Amino acid sequence: MSNENSDSHDVLGIVVLARHGDRRGFYQDPLTYTPSETSITPLGLQEEFVLGLSLRSTYLDPLSPTFIGVNGLLNQSQIAVRADAGGEGGVIFDSSIALLQGLFPPTPDHKETLADGRTIVAPLGVESVEPNEDVSLEGFTSCPQLDIHTSEFYNSPQFLAVAKAAAPFFAELKPFLDGRNVTLVDMVFDYMNVQSIHNATFARRLPPTFLEQARALANYHEYGVFSDVDFSGIGNIAFRTMLPSVLNAFQRIANPSDPLKIHYSAISYKPFDSLFNMTGVVNSGNITGGLVNYAAAVVFEVRKPLQGSEPVLRFKFKNGTDDWPLHTYNLTFPGWSGKGDVPLSTFLSAFEPAAINTTTEWCNICRQTTLRGCGDLKGVPGPPTSSQSLLVPALIAIIMLFGLFSFSNRKSKRSASNTGIAIADFREANLGINKGAMKA
C-alpha cells in the first residue's frame with residue numbers, strides 16, 4: 001500500500017470497476033464457467049447504492065480533495081456506463097442501476113416540466129453488454145484455450161496436493177451441503193456464502209471457521225484459473241478483453257477537450273483476479289487474489305500533476321461495503337516497478353500490447369470457431385497460445401505466503417473440526433513450487 005499525496009495532483013476523472021451486489025444461489029461449471037441464472041437481492045441493491053453514495057462523496061463533493069469537477073448533477077456526456085449482461089442474468093445490470101442511484105440520486109434540479117404539467121427526471125443510460133455480441137466484459141466464457149488452462153491447473157501437482165490436504169476438511173463439510181459434490185474443483189463456497197447470509201438455520205449449524213476455510217480454498221481455486229505467469233497469457237483474458245475500453249477511458253479523461261469524467265464498468269469477480277495479477281498487487285502481497293467481496297471496487301484516478309507533466313494513474317481498491325475508504329496501492333508490471341502514481345504513457349505502453357481489441361482477435365486467441373459470432377468470421381483461428389497453467393501455481397504460492405491457509409490435522413481452536421484449515425503459511429517448499437516473476 002502506498003502513501004496518499006492528494007495535494008500534488010488534480011483528479012481529472014475516474015475509471016471504476018465494480019463487482020455486483022449480493023445475489024441468490026449461483027452455479028458455474030467448474031471447467032467452462034458456463035453459468036446458471038440467478039437474481040439480485042434487496043441486500044445486493046443496498047450494497048451497490050451505498051457504494052454509489054461513497055463514490056459521490058469522494059469524487060462529486062466540491063469539498064473533497066479528490067473532487068473531479070462534476071457538480072453532482074447528471075450530464076450524460078461526462079459519464080459512460082457499461083454493464084455485463086451475461087452469465088448472472090440481470091444481477092450485474094441491476095447492480096449498476098443501484099450504484100448510479102447512489103452516485104446521482106434524484107434531484108429537483110435535473111427535471112423537465114411537460115406541457116401537460118407532468119415533471120420528468122431524466123434517467124441515466126447504461127450500455128448493456130451482451131456477451132454473444134461483445135466479448136469485452138465476459139471474455140472468459142466459451143473460450144476453449146482458457147478451458148485447457150483451467151484443466152491443466154486442476155491436474156497440476158500443486159493443485160492435487162492442495163486437494164489432498166483439504167480432503168479431511170471436505171469430508172467434515174459434506175453433511176452441511178445438501179448432497180453437493182465437495183471437492184477442490186467444485187466451487188462449494190458460493191453455496192455456503194449465500195446460505196450463511198440468507199438461511200438462519202444453515203448459519204447456526206455451520207461450525208464457526210468452516211466458511212472462512214472454504215473461502216481460502218475458493219481464493220486459491222479462482223486466482224489459479226483467472227491469472228497467469230505470462231502478462232499476455234490466456235489466464236488473464238478476463239481483463240485483457242476489458243483493456244480497450246479501460247485504456248480508451250484513461251485517454252479520454254486525460255484529454256482536456258473531451259467531457260468524459262467517469263467511466264464505470266459493472267462486472268463479475270473474474271476480471272478482478274486478472275487485473276490484480278497483471279498489475280502485480282497480488283505478487284507484492286498487498287492484495288489477496290481470489291474472490292473479491294460483493295460491491296468491491298477498483299478505482300483508477302486519472303490525475304494531472306500540478307507541475308504540468310503528463311497525466312498519471314493512481315490505483316485504489318475497496319473490498320466490499322464494509323471496507324472504506326478506498327486504499328491506494330503501488331503497481332508492478334513490465335516497464336514499471338516504481339512507487340507512487342504511474343505515468344499514463346508507461347501504463348499504456350505495457351498494457352496496450354496485451355489488449356484483445358476485436359471479436360476476431362478473441363476468436364483466434366481462444367480458438368473458438370462457432371460460438372459468440374466466431375462462426376461468422378472468415379479465417380482460421382491462429383496458433384494456440386502457449387500453455388501457461390502449469391506455471392500458474394508459482395504465483396498462487398505467493399498468495400499463500402501472504403496469509404492464505406495451510407492444512408493441519410490438529411484440532412482447531414475455534415471449531416469442533418479435527419481437520420481444520422488454520423491461518424498460516426502454506427510453504428511452497430512443501431509443494432515443490434519455485435517463486436517466479438511474471439514474464440512479459
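**Figure 1. Aromatic pairs, with Phe 300 and Phe 347 in close-up.** Across the whole structure, a search finds 23 aromatic pairs. Rings of Phe, Tyr and Trp (its six-membered ring) pair if their centres lie within 6.5 Å; planes under 30 degrees apart count as stacked, over 60 as edge-to-face and the rest as tilted. The ring centres of Phe 300 and Phe 347 are 5.8 Å apart and the planes stand at 70 degrees, so this pair is edge-to-face. Phe 300 belongs to strand 7 (residues 297-305) and Phe 347 to helix 11 (residues 344-351), so the pair ties together parts 47 residues apart in sequence. Helices (H or I, at least four residues) and strands (E, at least two) are DSSP runs, numbered from the N terminus. Phe 300 is buried, at 0% relative accessibility. Phe 347 is buried at 1%. Buried means under 20% relative accessible area, exposed over 50%, partly exposed in between (1.4 Å probe, protein chains only). This is a predicted model: local features need pLDDT of at least 70, side-chain atom pairs count only at pLDDT 80 or more, and totals for chains, interfaces and linings use all residues. Residues are numbered from 1 along each chain as its sequence is written, and side-chain values use heavy atoms, with hydrogens and water left out.

Figure 2. Phe 315 and Tyr 329 form an edge-to-face pair, 6.5 Å centre to centre with 70 degrees between the planes. Phe 315 sits in strand 8 (residues 312-318) and Tyr 329 in strand 9 (residues 327-329), 14 residues apart. Phe 315 is buried, at 2% relative accessible area. Tyr 329 is buried too, at 8%.

**Figure 3. The buried face of helix 11.** Leu 344, Phe 347, Leu 348, Ala 350 and Phe 351 are the buried residues of helix 11. Seen down the helix axis, they fall within an arc of 165 degrees, so they line one face of helix 11. The arc is that of the directions from the helix axis to the C-beta atoms. These buried residues pack against several elements, among them helix 9 (243-254), helix 10 (270-279) and strand 7. Contact means heavy atoms within 4.5 Å.

**Figure 4. Ser 268 in its loop.** Ser 268 is placed in the loop between strand 6 (262-267) and helix 10. Ser 268 is buried, with 2% relative accessible area. Neighbours within four places in sequence aside, Ser 268 is in contact with Arg 19, His 20, Glu 88, Ile 92 and Phe 140.

**Figure 5. Two disulfides.** The structure holds 2 disulfides, each a pair of cysteine sulfur atoms within 2.5 Å. The sulfur atoms of Cys 143 and Cys 366 are 2.1 Å apart. The torsion about their S-S bond is about -95 degrees, so this disulfide is left-handed. Cys 143 lies in the loop between strand 5 (127-129) and helix 3 (144-154), and Cys 366 in helix 12 (residues 359-366), 223 residues apart. Another disulfide joins Cys 363 to Cys 374, with 1.9 Å from S to S. The link of Cys 363 and Cys 374 is left-handed, with -85 degrees about the S-S bond. Cys 363 is in helix 12, and Cys 374 is in the loop between helix 12 and helix 13 (392-401). Both Cys 363 and Cys 374 are buried.
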